[in-house]
Amino acid sequence: MLKRRDLLLGLPLLAAAGGAFALTPRNRLNLLGDKKLEKAVPLKIGSWSVTPSNAVILPDSQEGSLSARIYDQTVSRLYTSDSDLPVMMVIAYGSTQSDQLQLHRPEACYTAVGFQITEARAVKVPVTPAAKLPARELVASNNERTEPILYWTRIGDYLPVNGTEQRTMKLRSEFRGYVADGVLVRLSTVGEPSEETFGALQRFAAAMLLAIDPVALPALVGRPLAAEIKGSA
């Protein structure tokens, strides 16, 4: 027979187990679906067009590396223009954002290959008069070059601008019962940081989001901002 004492001791354990089950994500949010980033991002964006190059700093994608396990798709390109600064673009997409597999923010990636981050700030990039993209600007330097960087990350429908927000928004998705996908979009150029330099990166970001396949746009910025961009473009 079950004693009252055993019942009282067991109730907290049952409650904890039930709570853990309730908080375990059982669904997936995949905003990219079966689309390919290579095809979704145009080769010509505004006045920029793709030029072959191996100058772009990339995550380590060798088989078995952490980056290879985090990212399902990566696209890296150099875009040049006769009337604007060249832009190095990297887009890295991961279908699963978990405690073990999370997007690597450029602050960590650049530091890992010998760069120092000398400036960092959150910004809002105007895509249309009504739609602004939460992003981050950095300056990364080593003995050979300085890179002004504009980047943003997406976790589910959220656009976190720092590591703390990224972890918080991942947990928020899990509390809502799903494991989210995520994307890192990084734009950079080589040269001294200035208002003009970051202005060029912001212009490229806006032009890219307006030029991309509308079906793939939520995969880069989430559904709420994608709807704002489409509605006000």
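1. Let us start with a term that comes up throughout: a residue is called buried when its relative accessible area is under 20%, exposed when it is over 50%, and partly exposed in between (1.4 Å probe, protein chains only). By this scale Arg-121 is partly exposed, because its relative accessibility is 31%. Keep Arg-121 in mind, as we return to this residue below.

2. A word on what you are looking at. This is a predicted model, in which local features need pLDDT of at least 70 and side-chain atom pairs count only at pLDDT 80 or more, while totals for chains, interfaces and linings use all residues. Residues are numbered from 1 along each chain as its sequence is written, and side-chain values use heavy atoms, with hydrogens and water left out.

3. Now the overall picture. The protein has eight helices and ten strands; these are DSSP runs (helices H or I of at least four residues, strands E of at least two), numbered from the N terminus. Of its 233 residues, 47% count as buried. The exposed surface comes to about 12,100 Å², with carbon and sulfur atoms supplying 55% of it (Shrake-Rupley method, 1.4 Å probe; for residues, only the protein chains shown count as cover). If we take contacts between residues at least 6 apart in sequence, 70% of them join residues at least 24 apart; contact here means heavy atoms within 4.5 Å.

4. Nine of its ten residues are buried, so E7 is largely enclosed by the rest of the structure. E7 pairs with E6 in the antiparallel sense over ten bridges (strands pair if DSSP finds at least two bridges between them). Five residues lie between E6 and E7 in the hairpin that they form, and Val-125 stands opposite Leu-133 in E7.

5. A hairpin of four residues joins E7 to E8, and Ser-141 stands opposite Thr-146 in E8.

6. Next, the charged side chains. Side chains of opposite charge can pair when their charged atoms come close. A salt bridge here is a side-chain nitrogen of Lys or Arg within 4 Å of a carboxyl oxygen of Asp or Glu, and the count by this rule is eight. One of them joins Glu-107 and Arg-136, with N to O at 3.0 Å. Glu-107 is partly exposed at 22% relative accessibility, whereas Arg-136 is buried at 17%.

7. Back to Arg-121, as promised. Arg-121 forms a salt bridge with Glu-137, and their closest N and O atoms are 2.9 Å apart. This pair links distant parts of the chain, with Arg-121 in strand E6 (residues 116-126) and Glu-137 in strand E7, 16 residues apart. Glu-137 is buried, because its relative accessibility is 5%. Glu-119 joins Arg-121 and Glu-137 in a network of salt bridges. The charged end of Arg-121 also sits over the ring of Phe-198, 4.8 Å from its centre (NZ of Lys or CZ of Arg within 6 Å of the ring centre and within 35 degrees of the ring normal).

8. Another salt bridge to find is the one between Arg-145 and Glu-147, where the closest N and O atoms are 2.6 Å apart. Is Glu-147 buried or exposed? Glu-147 counts as buried, at 1% relative accessibility, while Arg-145 is partly exposed at 22%.

9. Rings of Phe, Tyr and Trp (its six-membered ring) pair if their centres lie within 6.5 Å; planes under 30 degrees apart are stacked, over 60 edge-to-face, and the rest tilted. The whole structure holds three aromatic pairs. In one of them, the rings of Tyr-110 and Phe-115 have centres 5.2 Å apart and planes at 80 degrees, so this pair is edge-to-face. Tyr-110 is buried at 1% relative accessibility, and Phe-115 is buried at 6%. Trp-48, Tyr-79 and Phe-204 form one aromatic cluster.

10. Finally, look at Ile-45 in strand E2 (residues 44-45). Ile-45 is buried, at 0% relative accessibility. Leaving aside neighbours within four places in sequence, Ile-45 is in contact with Tyr-79, Phe-204, Ala-207 and Met-208. Ile-45 and Ala-207 are 162 residues apart in sequence, yet 6.2 Å apart in space, C-alpha to C-alpha.
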